[in-house]
Amino acid sequence: MNKINFLYLVFLVTIGMSAYLFQGCQSNPYVHGQILYENFCANCHMEDGTGLIGNIPPLAGADFLKNYADQLPCIIRYGVKDTLVVNGQTYTTPMAGIPQLTDIEVTNVINYINHAWGNDNGFTRPTDVQVILEACKQEEL
Amino acid sequence: MKNIFYLIPVLLLLFACKEEVKEELPILGNTYEEAGKKIYHEIRDFSFVNQDSMTITNEVFAGKAYVSDHFFISCPTICPKLTKSMLRIHDKFKSDDRLLLLSHSIDTKYDTIPRLKKYANDLGVSSDKWHFVTGDKEQILDIAEDYFNVALEDADAPGGYNHSGRLVLVDKNKHLRAFCDGTDAESVTKFLGDIETLLAEMDQEKL
């Protein structure tokens, strides 16, 4: 009887711990992307994704992320020189690229910004990002 | 001997009271004595040009407090955060004419008056509250020191300049009274309180 009780206890603890761990994963599945974002992007786009009014476009609630999803990998790697329109507002400040990020890291950043701050723009696969980056490859940076 | 124990609560109470009293802002920087009078660190005389091509000197800030920072438009590192923090201060004291804002561009070559004008317009702010100034490069870089900031040209730095991100509060006597790290939201929150303290002090003096 004692043994059964003990096994039951072990069973409960195991369930509890996996539930706890699983929840930990669920609450933020894009930790790597978040760390990269905070190091490379947050200076301008801010930790909360709000950007700087009139000068740097927001990422939180930005229609651009949805409408131009296939441009995001190349924007992150090579930056932007042209004007962009985000949520109806035109932005002219150039953006510097982040050439040191690998294809996987670019994917992780995209998945982070597409799910942070209430954004829900679907999951981007690394293989798709690789194809896009190959297509916009620039010789010398 | 027993009396000491009775004293403890009294002492504790004293300290508790002390914390509640709002502290006066100190006058920051080095001081020296001249003819028996204490001389405080102050902002030197300057003459720059703002986004509306108006000449901006110390006179513009006469009788007012102001917050100063150093930035440049194409800065890829700390400046957007500095400007965002300045904007927080701007929005909070928008209708309070005792406080002005002064942003020095350290990239005097690229940040022309039209570019500064556009930058200010895009932020939705105007020169009756917030001056974005440019001018003689040496003067702009040198005056940074008066505001406890460092601004240097450095080809190896991102964007071509190295500079620190302090926001500095100057009183109507050109004395520095408080500063904060413009890239740290918490530090700015405390700074907003310091500004209130200074404005209250200015009102006291008027009575």
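# Notebook: chains A and B

I began with burial in chain B, where 34% of the 207 residues count as buried. The model is predicted, so everything below was read from predicted coordinates. I then counted the elements of chain B and found five helices and 11 strands. I also looked up the contacts in chain B with a separation of 6 or more, and 64% of them join residues 24 or more positions apart.

**Entry: strand S10 of chain B**

I went to S10(B), residues 166-170, and asked how many of its residues are buried. Five of the five are, so the strand is largely enclosed by the rest of the structure. I checked the two sides separately. Arg166(B), Val168(B) and Val170(B) are buried on one side, and Leu167(B) and Leu169(B) are buried on the other, which leaves both faces covered.

Next I looked up which strands S10(B) pairs with. Strand S5 of chain B, residues 65-71, pairs with S10(B) in the antiparallel sense over three bridges. In that pairing I noted Ser68(B), whose bridge partner in S10(B) is Val168(B). Strand S11 of chain B, residues 176-181, also pairs with S10(B) in the antiparallel sense, here over five bridges. I noted Asp181(B) in S11(B) as the bridge partner of Arg166(B). Val168(B) and Arg166(B) both belong to the side of S10(B) that I had listed with Val170(B).

S10(B) and S11(B) form a hairpin with five residues between the strands.

**Entry: helix H4 of chain B**

I listed the buried residues of H4(B), residues 137-146, and they include Ile140(B), Leu141(B), Ile143(B) and Ala144(B). I asked where they sit around the axis. They cover an arc of only 165 degrees, which puts them on the same side of H4(B). I wrote the helix rule beside this: an α-helix has 3.6 residues a turn, so residues three or four places apart point the same way. On the face turned away from the buried side I found Glu138(B) and Glu145(B), both exposed.

I then looked up what the buried residues of H4(B) pack against. The elements are S5, strand S6 (99-105) and strand S8 (151-153) of chain B. S5 had already come up as a partner of S10(B). Just after H4(B), I noted a positive phi of about 60 degrees at Phe148(B).

**Entry: Val150 of chain B**

I stopped at Val150(B), which lies in the loop between H4 and S8 of chain B. Is Val150(B) buried, exposed or partly exposed? I counted 14 other C-beta atoms within 10 Å, and the residue is partly exposed; the cut-off for buried is 20 or more.

Leaving aside neighbours within four places in sequence, I found Val150(B) in contact with Ala144(B), His163(B) and Ser164(B). Ala144(B) is one of the buried residues of H4(B). I also took a C-alpha to C-alpha distance from Val150(B) to Leu199(B), and the two are 27 Å apart in space and 49 residues apart in sequence.

**Entry: chain A**

I moved to chain A and counted seven helices and four strands. From the N terminus on, the elements run α-α-α-α-α-β-β-β-β-α-α. Of the 141 residues, 25% count as buried.

I compared the radius of gyration with the globule rule. Chain A has 20 Å, but a compact globule of 141 residues would have one near 14 Å. The C-alpha atoms fill a box of roughly 75 × 35 × 25 Å along the principal axes.

The average pLDDT of chain A is 89, and 90% of the residues score at least 70. Helix H1 of chain A (residues 2-27) has the lowest mean, 71, and H6(A) the highest, 97.

In helix H2 of chain A, residues 31-40, I found Gly33(A), Gln34(A), Leu36(A) and Tyr37(A) buried. Their arc, seen down the axis, is within 165 degrees, so they line one face of H2(A). Glu38(A) and Asn39(A) are exposed on the other side. The cover over the buried residues includes helix H3 (42-45) and helix H6 (103-113) of chain A.

**Entry: where the chains touch**

Last, I looked up the contacts between the chains and found nine residues of chain A in contact with 11 residues of chain B. On the chain A side I sorted them into six nonpolar, three polar and no charged.

Methods. Residues are numbered from 1 along each chain as its sequence is written. Chains are lettered from A and ligands numbered from 1 in the order in which they are written. This is a predicted model: local features need pLDDT of at least 70, side-chain atom pairs count only at pLDDT 80 or more; totals for chains, interfaces and linings use all residues. Two residues are in contact if their C-beta atoms, placed from the backbone, lie within 7 Å. Ala, Val, Leu, Ile, Met, Phe, Trp, Tyr, Cys and Pro count as nonpolar, Asp, Glu, Lys and Arg as charged, and the others, Gly among them, as polar. A residue is buried if 20 or more other C-beta atoms lie within 10 Å of its own, exposed if 12 or fewer, and partly exposed in between; C-beta atoms are placed from the backbone. Helices (H or I, at least four residues) and strands (E, at least two) are DSSP runs, numbered from the N terminus. Two strands pair if DSSP finds at least two bridges between them. The arc is that of the directions from the helix axis to the C-beta atoms. pLDDT is the predictor's confidence in each residue, from 0 to 100. The radius of gyration is taken over C-alpha atoms; the globule rule is 2.2 Å times the number of residues to the power 0.38.
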